[in-house]
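Visitor: I have a new model open and would like to talk it through with someone before I set anything up. Could we go over it piece by piece?

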Amino acid sequence: MHLARFPRLSLGHFPTPLEPLTNLSRYLGGPNLYIKRDDCTGLATGGNKTRKLEFLLADALQLGAEVIITQGATQSNHVRQTIAAAAKIGLKTQVLLEQRVADSGDDYQLSGNVLLDNLLGGTIVEQLPAGTDMALAMEKLADKLRGEGHKPYIIPGGGSNPIGALGYVACAEELLYQSSQQRLRIDHIVHATGSTGTQAGLVAGLTATNSGIPLLGISVRAPREKQEQNVYALAQRTRDLLGVPGELPHSAIVVNSDYVGDGYGLPTAGMLEAVTLLAQLEGILLDPVYSGKGMAGLIDLVRKGHFGKDDNVVFIHTGGSAGLFGYRPVLQQAVKHG
């Protein structure tokens, strides 16, 4: 597994810190919790997509692209980081947003990531209704741009294809090196899983290195069976791209969908508790859509005795704190009544 074979840009601040969550661990009565700070990647408030964009935008440049097309939910962390990364290397970005959260209010529609999308110079072409075939919509936009003489490059939602997943193969290598340097035995890794690229890349990296570390994805959208199928398919394709021999064991893909709540982007009591606890115990900002629900799942599983008291559990913080501003009313209520 030789990642230097693949074109890659330098866009982020790596390695990101691996830190103990001492206060949260004490508050919950164990196990030993740690956090991998991929909210600190440095690109327009950071986040996990920066790792993927290092490979995706390198590929775009190799193909002579001059405009990037991508899509995401209204408060998409991926869209914000894509616009920022493209701006850094001199490319334009055209974006399609999907209205996945109904009756969300002006804060959600105009603040947070949306404000940053505009500030960073991205062009929001259209806001489409929930359930739109976003891949088809991007292809239509690409055809339009080609007809005007442009060279577009399409990045799927979340940057989740085998090239993008290489970013989290790199993260797996980075985390294993850090744990070795810190003499930290990692017993479990937990993170929020959505468009599947982060989990698929981690699975590909962890299995290719025979790390033996179990990985748990806390789903923020899809039911468990569907999410596991999607992660498996992308992880296998990523291993094929890397040239890893053999078929990926299905047991390597584990997803828990108990913490989605009423749907993608819709607040839950567990998410609000997790965001508040991390802020007030550790000074760390989670986001309401991904890392907040991922941490809510981790906290609940700790309380249910899922982990041993002396286990070392690493939570991968995928970033997205800009999205907090889109949820101002519900977060203010949570703090007021907390």
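Guide: What follows is a walk through this predicted model, from its domains down to single residues.

Visitor: What does UniProt place at residues 10–319?

Guide: An unreviewed UniProt entry places the feature "domain: Tryptophan synthase beta chain-like PALP" there. In the model, the end C-alpha atoms of residues 10–319 lie 19 Å apart, and the span is 45% helix and 17% strand.

Visitor: Which residue does the record's "modified residue" annotation cover?

Guide: According to the unreviewed UniProt entry, the annotation "modified residue: N6-(pyridoxal phosphate)lysine" covers Lys 49. In the model Lys 49 lies in helix 2.

Visitor: Is Lys 49 buried or exposed?

Guide: Lys 49 counts as buried, because its relative accessibility is 11% and the cut-off for buried is under 20%. Leaving aside neighbours within four places in sequence, Lys 49 is in contact with His 78, Gln 81, Gly 158 and Ser 195.

Visitor: And where does the "active site" annotation go?

Guide: That annotation, again from an unreviewed UniProt entry, covers Ser 76. Ser 76 is found in the loop between strand 3 and helix 3, and Ser 76 is buried, with a relative accessible area of 7%.

Visitor: What length does helix 3 have, end to end?

Guide: Helix 3, residues 77–88, reaches 17 Å from its first C-alpha to its last, which is close to the 16 Å expected at 1.5 Å a residue.

Visitor: How many bridges hold strand 3 and strand 6?

Guide: Strand 3 (residues 67–73) and strand 6 pair in the parallel sense over three bridges, and Ile 68 stands opposite Tyr 153 in strand 6.

Visitor: What about strand 7 and strand 8, which sense do they pair in?

Guide: Strand 7 and strand 8 also pair in the parallel sense, over five bridges, and the bridge partner of Thr 193 in strand 8 is Ser 219. Five of the five residues of strand 8 (residues 215–219) are buried, so strand 8 is largely enclosed by the rest of the structure. Both of its faces are covered, with Leu 215, Gly 217 and Ser 219 buried on one side and Leu 216 and Ile 218 buried on the other.

Visitor: What comes between strand 7 and helix 8?

Guide: The loop between strand 7 (188–193) and helix 8 (197–208) is where Thr 196 is found, and Thr 196 counts as buried at 8% relative accessibility. Leaving aside neighbours within four places in sequence, Thr 196 is in contact with Ser 160, Gln 227, Asn 230, Val 231 and Leu 234.

Visitor: One more helix: what does helix 10 pack against?

Guide: The buried residues of helix 10, including Met 271, Leu 272 and Val 275, pack against helix 1 (22–28), helix 11 (291–303) and helix 12 (328–337). The 14 residues of helix 10 (residues 269–282) should span 20 Å at 1.5 Å a residue, and its end C-alpha atoms are 19 Å apart, which agrees. Just after helix 10, Gly 283 takes a positive phi of about 70°.

Visitor: Last one, where does Arg 37 lie?

Guide: Arg 37 lies in strand 2 (residues 32–37) and counts as buried at 12% relative accessibility. Leaving aside neighbours within four places in sequence, the contacts of Arg 37 are Thr 16, Pro 17, Glu 19, Ile 284 and His 317.

Methods. Residues numbered from 1 in each chain as written. Predicted model: local features only at pLDDT ≥ 70, side-chain atom pairs only at ≥ 80, totals over all residues. Heavy atoms only, no water. Helix = DSSP H or I, 4+ residues; strand = E, 2+ residues; numbered from the N terminus. Buried < 20%, exposed > 50% of the residue type's maximum accessible area, 1.4 Å probe, protein only. Contact = heavy atoms within 4.5 Å. Pairing = 2+ DSSP bridges. UniProt positions renumbered as here; feature names shortened; annotations may be inferred. Expected span 1.5 Å × (residues − 1).
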